[in-house]
Amino acid sequence: MDAQSENKAIDLVVDLDGTLIATDLLWESTFQLLKQNMLYLFLLPIWALTGKGYLKHQISLRVAIDPTVLPYRGDFIAYLREEHRKGRRLVLATGAARRFAESIAAHLGFFDAVYATDGTRNLTSAHKTKFLLETFGNVKFAYAGNSKADVPVFNAASEAVVVAPDRAAAKWQRAHSARLFEAPKTNWKTFFKMLRAHQWMKNTLIFVPVILDHEIMNWSILRDAVVAFLAFSAAASAIYIVNDLFDLPLDRQHARKRNRAFASGAFSIAFGLKVSVWLLILAGLLAAQLHWIFAAVLGAYLITTTAYSLSLKRMLLIDVLTLAGLYTLRILAGAAATQIEGSFWLLAFSSFFFLSLALVKRYVELQNTALVEKSRIAGRGYRQADREVVAQCGVASAFAAATVLALYVNSDAVVSLYSYPWMIWPLCPIVLYLNIRIWILAHRNEMHDDPVVFIISDWRSQMVIAIGAALLLYGGMRS
């Protein structure tokens, strides 16, 4: 038997987190535990003081991981299946909790043995090395891993397979010319998708009070609005990241969301948390440059959107009312940052307008989800029977927004702000066009984006918005 055949015959020990799957189950299970009840936040440090193995074990007793939707390393899995087909013995040895490891091994069906962390032992790094040397004795074994913690095991093994390595593992791989399975490449486009940079367009609502108060050419006020926009965008991206981490199991069951940065494993959870913290720090530094009321509004936004992510999004109607409120908060933030007095008319209009768009989102979800009678959309409070009621409420909200706008156009406030008030009237049909068209497209099953993002990116919507902006600008010109 030649050396190559002998190597192929030895047992292959496989790491789990980061190697077999492109995620870390401790982080994932911790977020799922906190999603169940945030009060567990006080128990986690107590468990950790007893030992990391005990911490993992306690979390695993309270959280279930669905092995069918995890982000597996496809090319590495294919390699393992081929090795198993050839008769090679495969062993899963992981620092993840035993309950999780055994469910994953049962799902894959090609592991001959499973060694994992239990309540007294954390099977990582030096502990894993010692355990494997004791288990295999004088028998050679191969090891597949991905991280700095796996380097001691690489050194103890007679053969190494390096999968999607971090910096330390990559350095070891180059020095020893070990077999390599590279991770899919990420780039700035992936990074900005993680931030959901396209959603920053929603924060242009901050400029609405400036525009309607005819202060767009006041550079001091415009500067404050730009700073507020940047602060809100940084804070929003930080919350989007945290929201994605709480929603990993649900996102992986969604046809489009499963490709998000964390659901797919493109970025690690630890990396996402670091980025989120830095974004919050940036938002705080920017907010400090503005009036304290803006910081209060930004704080209210962070609290509300976090509550939405953890709980409110699963409550019937409360979810859409909260979404509409979050859009209105952006307008309030613009008024607070520039110290422009808020308008009752504007807040009333935005509440109805954005409630209609929020209901569109739920209508589309109901339309695109096959549900058994009386069952709900995953993570939502809606049933299939609610679809028509949701549509009726959404269309009614669209007409309510147009009605508020019509009343505003006929008010004394318009006469004092606009030289040609009659030019503001076409805004009413424009608003109806924008909103009702979205509802028609949704009914045709042709609405697949966030409706606010759709309005911003759709050329027909852009055209009528530009017409409305021109009417506002010309109507406000002084004769």
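Strand β2 and strand β3 (residues 113-117) pair in the parallel sense over four bridges, where pairing requires that DSSP finds at least two bridges between two strands. From β2 the chain passes through helix α6 (residues 98-108) to reach β3, a β-α-β crossover that is right-handed, in the sense that, with the strands pointing away from the viewer, the path from the first strand over the helix to the second runs clockwise. Strand β1 (residues 11-14) also runs parallel to β2, joined to it by three bridges, and there V13 stands opposite V91. Strand β2 (residues 90-97) is mostly covered, with eight of its eight residues buried; buried means under 20% relative accessible area, exposed over 50% and partly exposed in between, with a 1.4 Å probe and protein chains only.

The model is predicted, with local features needing pLDDT of at least 70 and side-chain atom pairs counting only at pLDDT 80 or more, while totals for chains, interfaces and linings use all residues. Residues are numbered from 1 along each chain as its sequence is written, and side-chain values use heavy atoms, leaving out hydrogens and water. The mean pLDDT (the predictor's confidence in each residue, from 0 to 100) is 90 for the protein chain, and 95% of its residues reach 70 or more. Over residues 1-7 pLDDT stays under 50, and for this stretch the model has four contacts beyond four places in sequence, a contact being heavy atoms within 4.5 Å.

Two helices are set out below with their spans from first to last C-alpha, the expected value being 1.5 Å times one less than the number of residues.

| Helix | Length | Span | Expected span |
|---|---|---|---|
| α17 (residues 344-367) | 24 residues | 35 Å | 34 Å |
| α18 (residues 387-409) | 23 residues | 33 Å | 33 Å |

Helix α17 is mostly covered, with 18 of its 24 residues buried. The buried residues of α18, among them V390, L405 and Y408, pack against α17, α19 (412-417) and α20 (427-443).

D251 is found in helix α13 (residues 248-251), and D251 counts as buried because its relative accessibility is 4%. Leaving aside neighbours within four places in sequence, D251 is in contact with D244, K257, R258, R260 and A263.

Note on methods
Helices (H or I, at least four residues) and strands (E, at least two) are DSSP runs, numbered from the N terminus.
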